[in-house]
Amino acid sequence: MTTIEVAAGLVFRAGRLLITQRPAGGHLAGLWEFPGGKREPGESFEECLRRELLEEVGIEVDMLETVESISHDYPEKRVRLEFLRCRWRAGEPRPLGCAAVAWVGPADLTRYEFPAADARLLRRLTETPAWWE
């Protein structure tokens with residue numbers, strides 16, 4: 001089974017977390033996720049995330065730390081997700097490579113449907129209030 005490596009950002013600003021909606025017609029269409037994308041050959045996860053955030057939502061961030069590494073098997077592929085906690089620095093998020101963007105608080109997360117691969121991280125987000133500060 002092919003493994004796809006993905007860098008995803010937990011982008012925080014003023015107690016809110018940025019989430020994006022997957023576009024129609026693709027894998028997991030319509031679900032919400034943390035912005036990011038596929039890592040290119042020779043690219044670090046941090047470089048990938050910086051590039052993807054500019055392409056997908058038009059923002060710049062300061063990288064803080066890797067908080068989670070998750071592998072998840074879907075019927076057709078395996079994904080390895082590296083989640084990096086970031087602080088928003090510049091640019092107002094807009095849906096350039098996604099269907100929609102939203103800034104959410106901890107209590108809002110349950111209102112959105114996320115891919116199964118994000119379940120463990122979603123629990124950690126609700127259990128780690130210091131990340132939101």
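1. Which residues is Arg85 in contact with, leaving aside its neighbours within four places in sequence? They are Leu10, Phe12, Asp62, Met63, Leu64, Glu65, Val67 and Trp131, contact meaning heavy atoms within 4.5 Å. Arg85 lies in strand S6 (residues 78-90); strands (E, at least two residues) and helices (H or I, at least four) are DSSP runs numbered from the N terminus. At 16% relative accessibility Arg85 counts as buried, the cut-off being under 20% relative accessible area with a 1.4 Å probe and protein chains only.

2. The model is predicted: local features need pLDDT of at least 70 and side-chain atom pairs count only at pLDDT 80 or more, while totals for chains, interfaces and linings use all residues. Residues are numbered from 1 along each chain as its sequence is written, and side-chain values use heavy atoms, with hydrogens and water left out.

3. Helix H1 (residues 45-57) has 13 residues and should span 18 Å at 1.5 Å a residue, taking 1.5 Å times one less than the number of residues. Its end C-alpha atoms are 17 Å apart, which agrees. Gly58, with a positive phi near 70°, follows H1.

Methods
Buried means under 20% relative accessible area, exposed over 50%, partly exposed in between (1.4 Å probe, protein chains only).
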